[in-house]
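Dear colleague,

Please find the structure below, handed over for your review. My notes on it come after.

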Amino acid sequence: MVLGPIEANCWITESDDIVSVIDPGDEAGTIISILKEKSLTPKYILLTHGHFDHIAAVPSLAAAFNPRPQIAIHRLDSHFLGPDAYKTQCLSAKAALGDISFIDKSWQNMPSADILLDDGSQIGPFTVLHLPGHTPGSAAFWNKDSNLLFTGDTLFRNGYGRTDLPGGSKEQLFKSLERLFEMDPDTAVYPGHDETTTIGQEAG
């Protein structure tokens, strides 16, 4: 799904009866409707990083299901959730957009993460790859068996994430891209924005 004014991708995955929603960035009602139409109950809400356009639907989505899905994010981006979330999101929005109206327009208090991830963590069918650069805790979710990689805003089709927002680092991002480009070139890439691609297409 492509959601919200910044057109971020949200992905619903099902593997071994484990349903995950990756980067619910907006339009919680749309996500919830699709899940319920398909009789899917998410076990996890997986966040590739903490920017608002990738997590804005988290509060409503988490509250819509019983049992409540567990929210997982890399520990270095955990401040984008919980009690520090509003302050952190406003800093990023002001740097990106010049003011905080985008945040204030649809703000809901963010729950804290249930699971703090590290490089190599296993969650459902995914291995976590820590890929700092876009944010300190940017991560990808790799399904080894299916050879699928959800890269958030680290790697796009014909591009990569910006590094000029708080916590960004071009040096770290380029190292993260080098790590990705060492993967199987046939690995399918599902990015945070725009169309799908493969590691081989981007590394070439």
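This is a predicted model: local features need pLDDT of at least 70, side-chain atom pairs count only at pLDDT 80 or more; totals for chains, interfaces and linings use all residues.

Residues are numbered from 1 along each chain as its sequence is written, and side-chain values use heavy atoms, with hydrogens and water left out.

An open sheet of 6 strands runs in the order β8-β9-β10-β11-β14-β15, with mixed pairing. Its edge strands, β8 (122-123) and β15, each pair on one side only. Strands are DSSP runs of E of at least two residues, and helices are runs of H or I of at least four, both numbered from the N terminus; two strands pair if DSSP finds at least two bridges between them. Strands β9 (residues 126-130) and β10 (residues 139-143) are antiparallel, with 4 bridges, and Val 128 stands opposite Phe 141 in β10.

His 193 lies in the loop between β14 (188-191) and β15 (197-198). This residue is buried (under 20% relative accessible area, 1.4 Å probe, protein chains only; exposed is over 50%, partly exposed in between), at 12%. The His 193 side chain makes a contact with the side chain of His 54 at 3.3 Å and with that of Asp 153 at 3.5 Å.

Thr 163 is in the loop between β13 (159-160) and α6 (170-181). Thr 163 is also buried, with a relative accessible area of 19%.

With kind regards

Terms used
A polar contact is a pair of N or O atoms within 3.5 Å; within protein, one must be able to donate a hydrogen and the other to accept it, and residues adjacent in sequence count only if both atoms are side-chain atoms.
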